[in-house]
Amino acid sequence: MPSFDDIEFYPGDPIFGLTDMFRADQRPDKVNLGVGIYLDELGRLPLPEAVRVAEQRLAEQPAPRGYLPMGGDPQLVQLVQQMVFGLPATEDAAMPEPVEGLDPLHQRIATVQTLGGSGALKEGADFLRALLGASTVALSDPSWANHAAIFGGAGYEVVSYRYHDAQNHRVDVDGMIEDLLAMAPGTVVVLHACCHNPTGYDLSADEWVRVAEACAQRELVPFLDMAYQGFSRGLDEDRVAVDTFVATGQRFFVGNSFSKNIGLYGERIGGLSVVCASRDEATRVHSQLCRVIRTNYSCPPSHGAQVVKLVLTDAELRASWEAELEQMRLRIRRMREALDAGLRAEGVETMGFVTEQAGMFSYCGLDMEQMQRLRSEQGVYGTDDGRLCVAGLNGDNVAKVARSIAAIVTS
């Protein structure tokens with residue numbers, strides 16, 4: 001038996017650690033804007049009405065809980081493809097325009113059910129490492145911290161490409177393209193399809209074209225992380241990155257999650273899709289994705305898949321869910337505007353850029369020392385890199401947050 005004497009203590013994930021600090025804080029007016037979950041106007045994690053009804057129906061008709069196939073529930077897989085790629089329920093004249101020289105899109109996508117968006121990243125990382133010998137991954141600067149942890153843990157060298165232009169409060173597109181064109185062929189490039197985490201700054205449609213062309217020119221491996229579909233402009237509109245890469249005809253990966261847009265955080269339900277060059281290639285890729293799943297956890301869980309299927313296939317439940325998702329998106333936008341208004345009322349007129357960002361997160365412009373002071377002096381919790389979860393704001397706390405930020409930046 002080897003000794004465990006040299007095993008180091010794992011201090012925990014910094015974001016989850018923030019939640020622990022928040023819980024230990026005794027101040028009654030404390031505000032948690034660190035963890036990436038959507039909270040409603042009352043500061044609670046909502047249960048979408050469509051999910052409540054779906055689970056009630058499942059409970060009323062209990063069924064045996066057998067193993068799913070390694071690649072997941074077949075109907076869920078089709079629904080993932082419909083949502084992520086805009087494919088119709090039946091492949092007919094409404095199919096997207098075909099790419100010359102390639103099989104129809106729906107025939108060349110290999111999709112598997114995964115353990116949320118993080119599981120999609122891990123499955124993709126393992127597949128690329130084992131089957132294609134991929135060894136380097138490029139992440140945006142900055143990026144979600146778990147991107148580096150997942151790919152680094154899978155044996156990749158982690159490098160970065162320019163993304164956030166802090167001085168001008170936008171994406172450094174030219175710097176990003178320059179870095180992509182300098183990468184070695186075969187480098188895996190993780191791209192945030194929408195609602196960039198942590199900055200909130202997204203690429204425009206024209207900028208996505210430039211990125212896709214750069215990836216094709218350098219023979220890079222695009223890996224789109226689409227964890228927030230529906231939180232920027234809408235379910236269809238948020239597919240712009242996916243649609244752009246489809247139009248180029250190149251191979252690429254897409255990981256999606258139902259944690260945020262259907263509120264199934266704890267169910268760990270998502271998907272990984274690989275766009276291939278042919279139907280035969282997609283069949284072979286799918287088989288190897290299943291092999292990776294088998295060696296990692298054998299097969300995915302079934303309950304979350306059942307809930308998602310009911311919500312997406314029942315016309316009434318789907319309409320209810322889409323309406324609620326729209327209200328979530330609009331509420332986040334209102335909170336951005338309210339935060340900006342509150343800051344201006346406190347004499348801070350330099351943070352209007354928060355209203356130009358998209359999704360649940362905002363890079364507020366505060367540095368590490370200021371963010372730590374924001375926690376210790378004001379009881380407002382965000383990450384050290386300046387990220388605030390705007391979805392945690394509400395009518396009761398947004399004025400407090402504005403006053404707190406103003407107190408820090410003006411002192």
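User: Where is S298 found, and what makes it partly exposed?

Analyst: In this predicted model, S298 belongs to the loop between helix 9 and helix 10. Its relative accessible area is 23%; buried means under 20% and exposed over 50%, so S298 is classed as partly exposed. Phi of S298 is near 80 degrees, a positive value in a residue other than glycine.

User: How do you know that R268 counts as partly exposed?

Analyst: The relative accessibility of R268 is 32%.

User: Why is V112 called buried?

Analyst: V112 has a relative accessible area of 1%, and the limit for buried is under 20%; V112 therefore qualifies as buried. It is part of strand 2 (residues 109-114). Not counting residues up to four places away in sequence, its contacts include V77, L272, L289, C290 and I293.

User: Why are helix 4 and helix 9 called roughly perpendicular?

Analyst: The axes of helix 4 (residues 116-132) and helix 9 (residues 279-296) cross at roughly 110 degrees and come within 10 Å. Angles of 65 to 115 degrees count as roughly perpendicular, so the description applies to helix 4 and helix 9. Their crossing is right-handed.

User: Which residues of helix 4 and helix 9 meet, and how do they divide by class?

Analyst: From helix 4 come K122, E123, D126, F127, A130 and L131, and these meet V285, Q288, L289, R291, V292, I293 and N296 of helix 9. By class, this contact has seven nonpolar, two polar and four charged residues.

User: What makes helix 3 oblique to helix 10?

Analyst: Helix 3 (residues 74-85) and helix 10 (residues 303-313) pack at an angle of about 55 degrees, their axes being 10 Å apart. Roughly parallel requires an angle under 35 degrees, and roughly perpendicular begins at 65; helix 3 is therefore oblique to helix 10. The crossing of this pair is left-handed. Q75, L76, L79 and M83 in helix 3 meet A305, V308, K309, L312 and T313 in helix 10. Of the contact residues, six are nonpolar, two polar and one charged.

User: Which residues have the most contacts inside the largest nonpolar core?

Analyst: They are F85 and V211, in a core of 92 residues. Helix 11 (residues 315-345) supplies the largest share of this core, eight residues. A second, separate core has 28 residues, among them L121, Y156, L272 and V274. Not counting residues up to four places away in sequence, V211 touches M176, I177, L180, L191, L203 and F245.

User: Which residues of helix 6 are buried, and what do they pack against?

Analyst: In helix 6 (residues 173-181), the buried residues are V173, G175, M176, I177, D179 and L180. They pack against strand 4 (157-162), strand 6 (170-171), strand 7 (188-192) and helix 7 (205-218).

User: Where are cis peptide bonds found?

Analyst: One joins D141 and P142, with omega about 5 degrees; P142 is in the loop between strand 3 (136-141) and helix 5 (145-153). Another joins N197 and P198, with omega about 25 degrees; P198 lies in the loop between strand 7 and helix 7.

Definitions and conventions: Residues are numbered from 1 along each chain as its sequence is written. This is a predicted model: local features need pLDDT of at least 70, side-chain atom pairs count only at pLDDT 80 or more; totals for chains, interfaces and linings use all residues. Side-chain values use heavy atoms; hydrogens and water are left out. Axes are lines fitted to C-alpha atoms, for helices over the stretch in contact, and angles run from 0 to 180 degrees between N-to-C directions. Helices (H or I, at least four residues) and strands (E, at least two) are DSSP runs, numbered from the N terminus. Angles under 35 degrees count as roughly parallel, over 145 as roughly antiparallel, 65 to 115 as roughly perpendicular and the rest as oblique. A crossing is left-handed if the near helix is turned anticlockwise from the far one by less than a right angle, and right-handed if clockwise. Contact means heavy atoms within 4.5 Å. Ala, Val, Leu, Ile, Met, Phe, Trp, Tyr, Cys and Pro count as nonpolar, Asp, Glu, Lys and Arg as charged, and the others, Gly among them, as polar. A nonpolar core is a set of buried Ala, Val, Leu, Ile, Met, Phe, Trp, Tyr and Cys residues joined through side-chain atoms within 4.5 Å. Buried means under 20% relative accessible area, exposed over 50%, partly exposed in between (1.4 Å probe, protein chains only).
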